[in-house]
Amino acid sequence: SSGINAEYGGYRDMWFVYGVFDDFQGHTALQSMSFYVRGGRWEVHRGWLVNMGGEKWPISGQPRDVPGTECNITFINWHVQVACPGFIAFYDGLMAGHISLTVDSSGEGKIQKIRGSQFGLCFD
């Protein structure tokens, strides 16, 4: 594999998450999270809405696979959860998001959280 992110498969396995903040009831709050993973693009918006290619995408307590990626989206414990190889992201649907990096260090498919800080959303 060549260069960047070689441990996780190189350039084609890179992912990006962007947050948009605004004023919500007098406080700075996360309005939406945009995900770019392996050519897939989608957004999670305030009110637990998922925008998938301009369409409102229904979500529920059952994981729903994101086409063209190895990601899934679930509505669990009043949060939208986006699970992809390398990270899990949560959005409370109102004000805050959280991203946890993950890695399978056992070779047995057991995911472990890893610590790091690369951008401004709440992160561990």
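Tyr-18 is located in strand S1, where strands are DSSP runs of E with at least two residues and helices are runs of H or I with at least four, both numbered from the N terminus. The model is a predicted one, in which local features need pLDDT of at least 70, side-chain atom pairs count only at pLDDT 80 or more, and totals for chains, interfaces and linings use all residues. Residues are numbered from 1 along each chain as its sequence is written, and side-chain values use heavy atoms, with hydrogens and water left out.

**Tyr-18 and the surface**

With a relative accessible area of 46%, Tyr-18 is partly exposed; buried means under 20% relative accessible area, exposed over 50%, and partly exposed in between, with a 1.4 Å probe and protein chains only. Together with Phe-16 and Tyr-36, Tyr-18 makes a nonpolar surface patch of about 310 Å². Such patches are made of residues with over 30% relative accessible area and no salt bridge; nonpolar side chains (Val, Leu, Ile, Met, Phe, Trp, Tyr) are joined within 5 Å, and like charges within 9 Å. The accessible surface of the protein chain is about 7,500 Å², and 53% of this belongs to carbon and sulfur atoms. Accessible areas come from the Shrake-Rupley method with a 1.4 Å probe, and for residues only the protein chains shown count as cover.

**Overall make-up**

The protein chain has 12 strands and zero helices. Of its 124 residues, 34% count as buried. Among contacts between residues at least 6 apart in sequence, 31% join residues at least 24 apart, a contact being heavy atoms within 4.5 Å.

**The sheet S1 to S5**

Five strands form an open antiparallel sheet in the order S1-S2-S3-S4-S5; two strands pair if DSSP finds at least two bridges between them. S1 and strand S5 (55–56) are at the edges with a single partner strand each, so one side of each has no neighbour in the sheet.

S2 and S3 pair in the antiparallel sense over six bridges, and Ser-32 has His-45 in S3 as its bridge partner. These two strands form a hairpin with two residues between them, and Arg-38 in the turn has a positive phi of about 45°. S3 is joined to S4, also antiparallel, by three bridges. In S4, Leu-49 stands opposite His-45, and Asn-51 is the bridge partner of Glu-43. The S3 and S4 hairpin has three residues between its strands, with Gly-47 in the turn at a positive phi of about 95°.

In a regular strand the side chains alternate between the two faces of the sheet. In S3, the covered face holds Gly-40, Trp-42 and Val-44, while Arg-41, Glu-43 and His-45 are on the uncovered face.

Most residues other than glycine have a negative phi. Gln-25 has a positive phi, near 50°, and lies in the loop between strand S1 (15–24) and strand S2 (27–37). Gln-25 counts as exposed because its relative accessibility is 69%. Trp-48 also has a positive phi, near 65°. This residue is in the loop between strand S3 (40–45) and strand S4 (49–52) and is partly exposed at 27%.

**The core**

The largest nonpolar core has 22 residues, and those with the most contacts inside it are Met-33, Phe-35, Trp-42, Val-44, Ile-73, Val-82 and Phe-87. A nonpolar core is a set of buried Ala, Val, Leu, Ile, Met, Phe, Trp, Tyr and Cys residues joined through side-chain atoms within 4.5 Å. Elements giving two or more residues to this core are S1, S2, S3, S4, strand S8 (79–84), strand S9 (87–91) and strand S10 (97–103). S2 gives the most, with four residues.

**Salt bridges**

The structure holds two salt bridges, each defined as a side-chain nitrogen of Lys or Arg within 4 Å of a carboxyl oxygen of Asp or Glu.

| Salt bridge | Closest N and O atoms |
|---|---|
| Arg-46 and Asp-22 | 3.0 Å |
| Glu-70 and Arg-38 | 2.4 Å |

Glu-70 lies in the loop between strand S6 (64–65) and S7, and Arg-38 in the loop between S2 and S3, so this pair links distant parts of the chain, 32 residues apart. Glu-70 counts as exposed at 51% relative accessibility, whereas Arg-38 is partly exposed at 30%.
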